Amino acid sequence: MLSYYGRLSSEVYDMDKPIGHSFGDIEFYMNRLASCEGIILEPATGTGRMLIPLLERGLNVEGFDSSKDMLYVCKNNCIKRNLNPKLFEANMESFSNDTKYDAIIVPAGTFLLIHNRADSIKVLHNFYKHLSNGGRLIVDIFLQSDISIGTVSTRTWKCSNGDIIALENKIAEVDYINQYTISYGRYEKWREGVLLQTELEYFPLRWYGVEEFKLILESIGFKDIVISSDYKFGQYPTDTEKVITFESVANK
Ligand SMILES: C[S@@+](CC[C@H](N)C(=O)[O-])C[C@H]1O[C@@H](n2cnc3c(N)ncnc32)[C@H](O)[C@@H]1O
């Protein structure tokens, strides 16, 4: 079985995008959530890159993730800062609890990881169900403007103990009908020329049209949808390279 946000992948995520590392999103989300007095949920919270700055700002945030390795890193990151948020292992498709959240946030294009259309609809219904009346869903997506099969990218990171982690990423498949790409990431950890650990990650990624995603949110029941780009609230996208954020309200 291929891995998915496994040990090496989680280690790299935490090194490459440490807590507080912002794409412009942390400031944007903090601003949008400033008036939020209830509980906020970050599904797929990962290492806590976004969760921890929000907690440190005094917001009441819970998180979950499907990856044990990501959650392990997240819990450690919280402990180091004397934070003790509610964190649990779950899937976006099936998580279920009695909390009604004032906001659910999905930054960093993470929603695109749900590459199967039926599952993505299921996730949005599940988010809607877990929001309070008037609760907000804030989700980032991005467009894939340059897809060519076989494109390979490589990166390396040096760990604090001198180990090297190399990642080779290759786009292997594009499904234009169902709107997703499949990439494979090969992680290798090296120490003094000896291969210590390796991991092969299966990485599907969906894309949406801007108005398509708005229509999907409306079909779930979300209202008052505001589309933003480049983390400028209400600025309709004009640049395909910039992140697009959808904020919408569950009016029940
Ligand atoms: C790109 S990371 C984003 C982490 C964090 N939200 C951030 O902004 O830094 C994506 C995370 O989504 C998690 N994930 C992917 N599919 C998931 C699913 N179906 N349910 C829950 N978590 C999922 C992965 O394990 C990973 O931790």
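The legends below accompany close-up views of a predicted model.

View 1. Taken along the principal axes, the box filled by the C-alpha atoms is roughly 60 × 45 × 30 Å.

**View 2. The division of the protein chain into two domains.** Domain 1 comprises residues 7-143 together with 207-250, whereas domain 2 covers residues 152-206. The centres of domain 1 and domain 2, taken over C-alpha atoms, are separated by 24 Å.

**View 3. The contact between domain 1 and domain 2.** On this boundary, 15 residues of domain 1 are in contact with 14 residues of domain 2. On the side of domain 1 that touches domain 2, the elements giving two or more residues are H1 and helix H5, the latter spanning residues 117-129. H1 gives the most to this side of domain 1, with seven residues. Sorted by class, the side of domain 1 that touches domain 2 holds eight nonpolar, three polar and four charged residues.

**View 4. The open sheet formed by strands S6, S7, S8 and S9.** These four strands are arranged in the order S6-S7-S8-S9, and their pairing is antiparallel. Strand S6, residues 152-158, and strand S9, residues 194-206, are the edge strands, each of which pairs on one side only. On average, and with direction ignored, neighbouring strands of this sheet are turned by 20 degrees against each other.

**View 5. The pairing of S8 with S9, and helix H1 on the sheet.** Strand S8, which covers residues 180-191, is joined to S9 by 12 bridges, and the two strands run antiparallel. Within this pairing, Glu188 stands opposite Thr198 in S9. Helix H1, residues 7-16, packs on the sheet and touches S6, S7, S8 and S9, where strand S7 spans residues 164-175. The direction of helix H1 makes about 80 degrees with that of S9.

**View 6. The residues around the ligand.** The ligand has 19 residues around it, of which Tyr5, Ala44, Gly46, Ser67 and Ala108 come nearest. Considered by class, the shell around the ligand is made up of 10 nonpolar, six polar and three charged residues.

Conventions: Residues numbered from 1 in each chain as written. Predicted model: local features only at pLDDT ≥ 70, side-chain atom pairs only at ≥ 80, totals over all residues. Pairing = 2+ DSSP bridges. Axes fitted to C-alpha atoms, helices over the stretch in contact; angles between N-to-C directions. Contact = placed C-beta atoms within 7 Å. Near = placed C-beta within 6 Å. Nonpolar A, V, L, I, M, F, W, Y, C, P; charged D, E, K, R; others polar. Domains from an automatic or database assignment.
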